[in-house]
Amino acid sequence: MVLREWDEGKVRNTHQELTGRVTQVDGALTLSDHSTHVAGTMIATGTSAGAQGMANLATLRAFDWNSDFAEMASEAAAGALLSNHSYGYLTGWSYGTVYSNYWAWFGDPSISQTEDYAFGFYSAEAQTVDQIVVNAPYYLICKAAGNDRTEGPSSQPVTHYVYNGTSWVTSNTVRNLDGNANGYDCISGFGLSKNVLTVGAIPDLVNGYSSLPMSPSIISVDAVPQMTDGSSRIS
């Protein structure tokens, strides 16, 4: 089985769990702990028993995330069956990304002052990925749901930065935490494509899973497992 990974940078292919089984196809030079971690989740040999990957006899063709769509289309045409994508554009709230020790909000105030429209929005990016799969129907793209559930400042109003179309400026506007008040509607980018497998995580269910209520119209917030705010690494 030959898997594909697109991620931040170069996979450390000399790692004891990966040696001899990773090809960095695009020549990326900057090592990435995130790319290496994800590669391990996918194919780690199990030299250390607790580190065995999901497909520990597979090999991996690795790429950084630059030119990902063109490379995905090329790999799909060459027979790729499965790839992993544990990355995405910043959406909603993010801490320390624009200025250290400050929150920044990545929504578009001209569309909404309170919610980043990109959550739940079927974008050109999502459509492009759907078309890749339409052209290669045996190719499964696995996409991380992201880390955006209920992300944001613990109390508001708070001084933060927002992009006004020309520059980052300070604001004290009260905005929604990522996702709506119940923590849903927190996926963006090509995690919303119709032909990919988007994977999230939920907290441990101490007593196990039983069932959903029969009527969707009466599902309560506490009745169903909700995605955590740390779902970016697929496992």
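The backbone nitrogen of N195 lies 2.7 Å from a polar atom of the D130 side chain, a polar contact (a pair of N or O atoms within 3.5 Å; within protein, one must be able to donate a hydrogen and the other to accept it, and residues adjacent in sequence count only if both atoms are side-chain atoms). This is a predicted model, in which local features need pLDDT of at least 70 and side-chain atom pairs count only at pLDDT 80 or more, while totals for chains, interfaces and linings use all residues. Residues are numbered from 1 along each chain as its sequence is written, and side-chain values use heavy atoms, with hydrogens and water left out. The protein has three helices and ten strands; helices (H or I, at least four residues) and strands (E, at least two) are DSSP runs, numbered from the N terminus.

**Buried aspartates**

- D130 sits in helix 3, residues 124–135.
- The side chain of D130 also reaches the backbone nitrogen of K194, at 2.9 Å.
- D130 is buried and has no salt bridge; buried means under 20% relative accessible area, exposed over 50%, and partly exposed in between (1.4 Å probe, protein chains only).
- A salt bridge is a side-chain nitrogen of Lys or Arg within 4 Å of a carboxyl oxygen of Asp or Glu.
- For D130, the nearest side chain of opposite charge is that of K194, 5.8 Å away; Lys and Arg count as positive and Asp and Glu as negative, and His and the chain ends are not counted.
- D116 is placed in the loop between strand 6 (103–105) and helix 3.
- D116 is likewise buried without a salt bridge, and its nearest side chain of opposite charge, R175, is 9.8 Å away.
- A polar atom of the D116 side chain lies 3.0 Å from the backbone nitrogen of A118.

**Overall layout**

- Along the sequence, the elements follow the pattern β-β-α-β-α-β-β-β-α-β-β-β-β.
- The protein has 235 residues, and 40% of them count as buried.

- Six strands form an open sheet with parallel pairing, in the order 2-3-1-4-7-10.
- Strand 2 and strand 10 (197–199) are at the edges with a single partner strand each, so one side of each has no neighbour in the sheet.
- From one strand to the next, the twist averages 20°; axes are lines fitted to C-alpha atoms, for helices over the stretch in contact, and angles run from 0 to 180 degrees between N-to-C directions.
- Two strands pair if DSSP finds at least two bridges between them.
- Strand 1 (residues 2–7) runs parallel to strand 3 (residues 59–64), and six bridges join them.
- Strand 1 is also joined to strand 4 (residues 82–85) by three bridges, again in the parallel sense.
- E5 has a bridge partner in each of these neighbours: A62 in strand 3 and N84 in strand 4.
- Strand 2 (residues 22–24) pairs with strand 3 in the parallel sense over three bridges, and A62 is the bridge partner of Q24 there.
- A left-handed β-α-β unit is made by strand 2, helix 1 (residues 33–43) and strand 3; a crossover is right-handed if, with the strands pointing away from the viewer, the path from the first strand over the helix to the second runs clockwise.

- Four strands form an open sheet in the order 5-6-8-9, with mixed pairing.
- Strand 5 (93–95) and strand 9 (168–171) are at the edges, each with a single partner strand, so one side of each is left without a neighbour in the sheet.
- The twist here averages 35° from one strand to the next.
- Strand 8 (residues 160–163) and strand 9 run antiparallel and are joined by four bridges.
- Y161 has T170 as its bridge partner in strand 9.

**Backbone geometry**

- Most residues other than glycine have a negative phi, and most peptide bonds are trans.
- Q156 and P157 are joined by a cis peptide bond, with omega about 5°.
- P157 lies in the loop between strand 7 (140–144) and strand 8.
- S67 is not a glycine, yet has a positive phi of about 60°.
- S67 is found in the loop between strand 3 and helix 2 (68–77).
- N101, also a residue other than glycine, has a positive phi near 70°.
- N101 lies in the loop between strand 5 and strand 6 and is exposed, with a relative accessible area of 60%.
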